[in-house]
Amino acid sequence: LCSLTHADEVLGIAFAPDGRTLLAGGEDGVVVLWDVERQTRIVELKLRGAVLAVAFSPNGRVFAAGDACSSVTVWSACTHQPLGMATVEGDVRSMALSAGPVG
């Protein structure tokens, strides 16, 4: 068991499908991607508001976070570059990603 610290209260957390990477979002508006085995931060990404929900896609290739400013952002898990952003009505309290388009 290891201890991974975040600058503020953690409000959302998700493991990647491989179990080696952890995604945490906090009250401070920061999303942190952790290497659990090495106990190191891979990347920190800043959103506009408190991060309320985070999720990985089933294949682990993308991850997303939703904040209290009604924004959802999706990033590449490989490059950590944003793939898209959407604004929704209300706070994003939970989320789940699918494997991809059907059909």
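**Reading the terms in a predicted model**

Me: Why is Thr-21 called buried?
Reply: Thr-21 has a relative accessible area of 16%. Buried means under 20%, exposed means over 50%, and partly exposed lies in between (1.4 Å probe, protein chains only); Thr-21 is therefore buried. The model is predicted, so local features need pLDDT of at least 70 and side-chain atom pairs count only at pLDDT 80 or more, whereas totals for chains, interfaces and linings use all residues. Residues are numbered from 1 along each chain as its sequence is written, and side-chain values use heavy atoms, with hydrogens and water left out.

Me: Where is Thr-21 found, and which residues does Thr-21 touch?
Reply: Thr-21 belongs to strand β2 (residues 21-26); strands are DSSP runs of E with at least two residues, numbered from the N terminus. Not counting residues up to four places away in sequence, Thr-21 touches Ala-14, Phe-15, Ala-16, Leu-33, Trp-34, Val-36, Ile-42 and Phe-56, where contact means heavy atoms within 4.5 Å.

Me: Why are the rings of Phe-63 and Trp-75 called a stacked pair?
Reply: Rings of Phe, Tyr and Trp (its six-membered ring) pair if their centres lie within 6.5 Å; planes under 30 degrees apart count as stacked, over 60 as edge-to-face and the rest as tilted. The structure holds two aromatic pairs. For Phe-63 and Trp-75 the centres are 5.3 Å apart and the planes stand at 25 degrees, so this pair is stacked. Phe-63 lies in strand β6 (residues 62-67) and Trp-75 in strand β7 (residues 71-76), twelve residues apart, and the pair links distant parts of the chain.

Me: What is the geometry of the pair that Phe-56 and Phe-63 form?
Reply: The centres of Phe-56 and Phe-63 are 5.8 Å apart, with 55 degrees between the planes, and the pair is tilted. Phe-56, Phe-63 and Trp-75 form one aromatic cluster.

Me: How do you know whether Phe-63 and Trp-75 are buried or exposed?
Reply: Phe-63 has 0% relative accessibility and therefore counts as buried. Trp-75, with a relative accessible area of 4%, is buried too.

Me: What makes the contact of Glu-44 and Arg-41 a salt bridge?
Reply: A salt bridge is a side-chain nitrogen of Lys or Arg within 4 Å of a carboxyl oxygen of Asp or Glu. The side chains of Glu-44 and Arg-41 meet at 2.6 Å, N to O, and form a salt bridge. Glu-44, at 45% relative accessibility, counts as partly exposed, as does Arg-41 at 34%.

Me: How many salt bridges does the structure hold?
Reply: The structure holds four salt bridges. One of them joins Asp-18 and Arg-20, with the closest N and O atoms 3.5 Å apart.

Me: Why is Arg-20 called exposed?
Reply: Arg-20 has a relative accessible area of 52% and is therefore exposed. Asp-18, at 43% relative accessibility, counts as partly exposed.

Terms used. Helix = DSSP H or I, 4+ residues; strand = E, 2+ residues; numbered from the N terminus.
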